[in-house]
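Subject: Structure handover

Dear colleague,

Please read the notes with the model open beside them.

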Amino acid sequence: MTVLSEDLIAEANAREIAALDEDYDALGRKLARGGLAIDAIKDRVAAFSVAVPSWGAGRGGTRFAKFPIPGEPTNIHEKLEDCAVIQQLSRVTPRVSPHFPWDKVGDYKGLRQEAAALGLGFDAVNSNTFQDQPGQARTYATGSLSSTVAATRAQAVEHNIECIEIGQQLGSRDLTVWVGDGTNFPGQQDFARSLDRYLDAASQVYAALPGDWRMLLEHKMFEPAFYSTVISDWGSSILAAQELGPKAKCLVDLGHHAPNVNIEQIVARLHRFGKLGGFHFNDSKYGDDDLDSGSINPHQLFLVFNELVEAEAHPRDGFDPSYMIDQSHNVTDPIESMLSSAEAITSCFAKALLVDREALHAAQEANDTMMAFQALRRPYTIDVAPILARARAEAGGAIDVLATYRASRWRERKAQERKPVGLGAGIV
Ligand code: AFD
Ligand code: MN
Ligand code: MN
């Protein structure tokens, strides 16, 4: 079952294919001069994938307002449909990362089948102890896994374990834990004791992990807490992951650092200690951590992928990071943002594959700074779009994803069928 008409995609591609062939062949000749086989790069790109967040399918908002659009999805079933559109066009987003209780349903086996029928699987399960839910016994107003109240910590542990159980039914194998725990005032909580409480509760979640599962700890420097957070940075994250055990890894959300932090170096450090577990891709300019991937600083995204390709060539303690988009689409059609972001992310991966690693390492060893820099700069300036487009087209996706999406009039059609979203503030 396909959500969009295959004929529509084929017709759109037919109009683009001659130009693509020309561009692909020209790029192939250019890469061949540097000893690279374009088809081999294209095969690597075709095998690459990044998960999309279920919550990213709806319009996001800020703490000031949320401006819904007609036809946006309001439940997990409609969200899966929209994710299937992204996958059908891009062929690089075959998995959806669910968030609970937002995506709660009565029948998870059924949900897994529903997704499979749409060509989708499930990625990491995300728990949510940063909000209170109707009917919940204890509030998370003053913290969850690190709460001073034992019953609140127990409730948060129980929720995370429930997420693991749901994830097992969905075919996931990672639990991503991001807590909103932290403080707004100096002195509000004891830094050491709050971390002790977090570690004690997190170890109970860890103990419930099935053998082949991982627990991904996501750090965030600020927001919703504005003075301190319990897992604030990669240092706290790796120390916690080391204390919890080998199945605990660190998840790097690109938007969760102080401005100008060298994230690519953090990636290399986490990998050095076998603790790089996954990514949430997005971009940021100031404190806005959920802008579209590569929209502000594509060079940083490339440098992150350069470290990932380097890490893959030199694996330590396994190298299997889970890649996911985590963005808040406040002013665009979320499908368009995720199509554009998936392309930006895959482009950076492709450019990182073009790096002449032998030349880079030789220049590094010889302290030839300029040539080491050029080894990264040269591939960064190459337009890899034809490689991505060819990989997509061969897999049945669209050469021009955005134009084909617009031509499908998906959102206009859904606006006739779906119930309108309520107003309000909030990230999702
Ligand atoms: C948060 C974190 C985390 C969380 C998401 C919810 O990035 O990944 O699950 O946003 O919207 O900022
Ligand atoms: Mn995130
Ligand atoms: Mn975030």
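Which residues does methionine 215 touch, not counting residues up to four places away in sequence? Methionine 215 touches Leu175, Val177, Val205, Tyr206, Leu209, Leu244, Lys247 and Ala248, where two residues are taken to be in contact if their C-beta atoms, placed from the backbone, lie within 7 Å.

Some conventions come before the rest. This is a predicted model, in which local features need pLDDT of at least 70 and side-chain atom pairs count only at pLDDT 80 or more, while totals for chains, interfaces and linings use all residues. Residues are numbered from 1 along each chain as its sequence is written, and chains are lettered from A and ligands numbered from 1 in the order in which they are written.

Overall fold

The protein holds 15 helices and 11 strands, both being DSSP runs numbered from the N terminus (H or I over at least four residues for helices, E over at least two for strands). Its radius of gyration is 22 Å, close to the 22 Å that the globule rule gives for 428 residues, so the protein is as compact as a globular protein of that length; the radius is taken over C-alpha atoms, and the rule is 2.2 Å times the number of residues to the power 0.38. Along the principal axes, the C-alpha atoms fill a box of roughly 65 × 60 × 40 Å. Of the contacts in the protein with a separation of 6 or more, 79% are between residues 24 or more positions apart.

Core

Buried residues account for 45% of the 428 residues (buried means 20 or more other C-beta atoms within 10 Å of a residue's own, exposed 12 or fewer, and partly exposed in between, with C-beta atoms placed from the backbone). The largest nonpolar core has 95 residues, and those with the most contacts inside it are Ile86, Met215, Leu217, Cys250 and Ile387; such a core is a set of buried Ala, Val, Leu, Ile, Met, Phe, Trp, Tyr and Cys residues joined through C-beta atoms within 7 Å. Helix 10 (residues 334–353) gives the largest share of this core, 10 residues.

An open sheet of 6 strands has the order 4-5-7-9-10-11, with parallel pairing, where two strands pair if DSSP finds at least two bridges between them. Strand 4 (125–126) and strand 11 (322–325) stand at the edges with a single partner strand each, so one side of each is left without a neighbour in the sheet. Helix 5 (residues 150–170) packs on the sheet, touching strand 4 and strand 5 (174–177), and its direction makes about 150 degrees with that of strand 5; axes here are lines fitted to C-alpha atoms, for helices over the stretch in contact, and angles run from 0 to 180 degrees between N-to-C directions.

Strand 4 and strand 5 are joined by 2 bridges in the parallel sense, with asparagine 126 having threonine 176 in strand 5 as its bridge partner. Together with helix 5, these strands make a right-handed β-α-β unit, right-handed meaning that, with the strands pointing away from the viewer, the path from the first strand over the helix to the second runs clockwise. Strand 5 also pairs in the parallel sense with strand 7 over 4 bridges, and aspartate 174 stands opposite arginine 214 in strand 7.

Strand 9 (248–253) has 6 of its 6 residues buried, with Ala248, Cys250 and Val252 on one side and Lys249, Leu251 and Asp253 on the other. Strand 9 pairs in the parallel sense with strand 7 over 4 bridges, and 4 bridges also join strand 9 to strand 10 (residues 276–281), which run parallel. From strand 9 the chain crosses through helix 8 to strand 10 in a right-handed β-α-β crossover, and helix 8 lies across both strands, running at about 170 degrees to strand 9.

Backbone points to check

Most residues other than glycine have a negative phi, and most peptide bonds are trans. A cis peptide bond joins phenylalanine 100 and proline 101, with omega about 15 degrees, and proline 101 lies in the loop between strand 2 (95–97) and helix 4 (108–117). The peptide bond from glutamate 223 to proline 224 is also cis, with omega near 5 degrees. Glutamate 223 has a positive phi of about 80 degrees and is partly exposed, with 16 other C-beta atoms within 10 Å.

Best regards
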